[in-house]
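Visitor: I would like to learn how to read the features of a model such as this one, beginning with the annotated positions. Could you show it to me and then take me through it?

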Amino acid sequence: MTQPPLLALTMGDPCGIGPELAAKAFHSEKAYDNMRPFLVGDEETMIKAVKTTGVPLTIRPIRTADEAQFVPGTVDLLTVSSLDRDEVIPGAPTARTGQAMIEAITRSVDLALSGECDAIVTGPIHKVAMKLAGSEFHGHTELIATRTRAREFAMMMAGDRLKVVLVTIHIPLRQVIEELTSPVITDLISLTARSLTERFGVTSPRIAVAGLNPHAGEEGLFGDEESRLIAPAVEKARALHPTCTISDPMPPDTVFFKAAEGHYDAVVCMYHDQGLIPFKMVHFHDGVNTTLGLPIIRTSVDHGTAYDIAWKNIASEGSLLSAMEMAAMQARNRVR
Ligand SMILES: NC(=O)C1=CN([C@@H]2O[C@H](COP(=O)(O)OP(=O)(O)OC[C@H]3O[C@@H](n4cnc5c(N)ncnc54)[C@H](O)[C@@H]3O)[C@@H](O)[C@H]2O)C=CC1
Ligand SMILES: NCC(=O)COP(=O)(O)O
């Protein structure tokens, strides 16, 4: 790769904090540091976001990615919708604002699939807005996995100190146990091992596997999913990845502090909040959501649309800047 990675950023839900974070991120001195970002979104929304944040930026509409010029102080914006600025009401999504946010995602995915950008970085979207727009998907992960025809995929939340990967994602807690099977857990450990090497440059990954129950089951006193499902899955994954270190099912209450102290490169978690609560305690303002297993590189912010503070110019752009840096890093590692 002779040029810095080319990143397509989506503005996220117009009614949330995404547009103002995009404006702040493009204004940051880090914006063009070893990367070439352009924005995919709505012109009126972004003009309004620039005004709200007060950053000295000019919006420059473009029709194709190769028209982008990456001049600091200017946002190259691939326009994919034409919202009226009065339609964008903080915290009040409509079918049209939802469709605009989805159009930005699908267009960016298509650009990545056709090689017109090296990675995509998605702004936060609201799951209710997805539904209002008529989407069958809950969020980015499922939409992008389907559009890219990914055979397997997983949600990783990544920061310098802690990386967590989820076996199950957005399902009710009571359904988690039904979805946990040994083959599913083996596949997830395996995808984590491959991705740590290919996307993060870790040559011999050290993976911790969290148990499900208190004290990882305490020898069957508090549940048997560890001995019945997780330990056999670990054995299979070890056979598939002899150069990796893969732990036995570990007590969930202590595995994360050990990983954050540097003993593991990632923790495989059985359900969403098992991983995301410790992750956000450590990395809320600089953490990144990235999808493993896709044929394209996709990173995102680790937070949501924050309707409660949208368009008030108080949201932090830290996670978005980290997502941009991580997308560029993954693009460079993929080339190597
Ligand atoms: N990458 C994405 O698109 C994500 C989308 N979501 C979706 O976002 C919607 C809202 O989710 P919530 O659970 O309310 O989580 P949220 O992350 O939007 O908000 C939770 C709390 O964190 C604060 N917050 C969030 N981002 C912040 C920032 N950048 N700076 C300062 N404070 C910030 C909010 O003000 C709120 O108090 C849901 O539909 C959820 O599914 C959630 C996580 C990631
Ligand atoms: N909890 C993370 C989240 O909701 C983000 O989902 P996605 O939009 O990245 O699929």
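Guide: Let us begin with annotation: UniProt positions are given in the numbering used here, feature names are shortened, and annotations may be inferred rather than shown by experiment. With that caution, the unreviewed UniProt entry lists His140, Thr141, Lys280, Asn289 and Arg298 under "binding site". The model is predicted, so that local features need pLDDT of at least 70 and side-chain atom pairs count only at pLDDT 80 or more, while totals for chains, interfaces and linings use all residues. Residues are numbered from 1 along each chain as its sequence is written, and chains are lettered from A and ligands numbered from 1 in the order in which they are written.

Visitor: Which residues are around ligand 2?

Guide: A residue is near a molecule or strand if its C-beta atom, placed from the backbone, lies within 6 Å of it. By that criterion, the residues around ligand 2 are Ile125, Gly139, His140, Thr141, Asn289 and Ser300. For classes, Ala, Val, Leu, Ile, Met, Phe, Trp, Tyr, Cys and Pro count as nonpolar, Asp, Glu, Lys and Arg as charged, and the others, Gly among them, as polar. The shell of ligand 2 accordingly has one nonpolar and five polar residues, with no charged ones.

Visitor: What about ligand 1, and how many residues surround it?

Guide: Ligand 1 is surrounded by 18 residues, of which the closest are His303, Gly304, Ala306, Ala315 and Ser316. By class, this shell divides into seven nonpolar, nine polar and two charged residues.

Visitor: Returning to the annotated positions, is Arg298 buried or exposed?

Guide: A residue is buried if 20 or more other C-beta atoms lie within 10 Å of its own, exposed if 12 or fewer, and partly exposed in between, with C-beta atoms placed from the backbone. Arg298 is buried because 27 other C-beta atoms lie within 10 Å, whereas Lys280 is partly exposed because it has 18 within 10 Å. To place them, take helices (H or I, at least four residues) and strands (E, at least two) as DSSP runs, numbered from the N terminus: Arg298 is found in strand S12 (residues 298-301), and Lys280 in helix H10 (residues 272-283).

Visitor: Which other positions does UniProt list as "binding site"?

Guide: In the unreviewed entry, UniProt also lists His170, His215 and His272 under that heading. They are spread over 103 residues of sequence and also spread in space, up to 24.1 Å between C-alpha atoms. His215 lies in the loop between S8 and helix H8 (225-240) and is partly exposed, with 16 other C-beta atoms within 10 Å. His272 is found in helix H10 and counts as partly exposed, with 19 C-beta neighbours inside 10 Å. Leaving out residues up to four places away in sequence, His272 touches Leu166, Thr168, Ile169 and His170.

Visitor: How should I read the strands, and which ones are joined to S10?

Guide: Two strands pair if DSSP finds at least two bridges between them. Strand S7 (residues 163-166) runs parallel to S10 and is joined to it by three bridges, and strand S8 (residues 206-210) is likewise parallel to S10, with three bridges. Val165 has Val268 as its bridge partner in S10, while Ala208 has Val267. Both faces of S10 (residues 266-269) are covered, with Ala266 and Val268 buried on one side and Val267 and Cys269 buried on the other.

Visitor: Finally, how is the chain divided into domains?

Guide: Domain bounds come from an automatic or database domain assignment, and here they give domain 1 (1-150 + 294-336) and domain 2 (154-291). Their centres, taken over C-alpha atoms, are separated by 29 Å, and 20 residues of domain 1 are in contact with 19 residues of domain 2. On the side of domain 1 that touches domain 2, the elements giving two or more residues are helix H5 (140-147), S12 and helix H11 (318-335), and H11 gives the most, with eight residues.

Methods:
Two residues are in contact if their C-beta atoms, placed from the backbone, lie within 7 Å.
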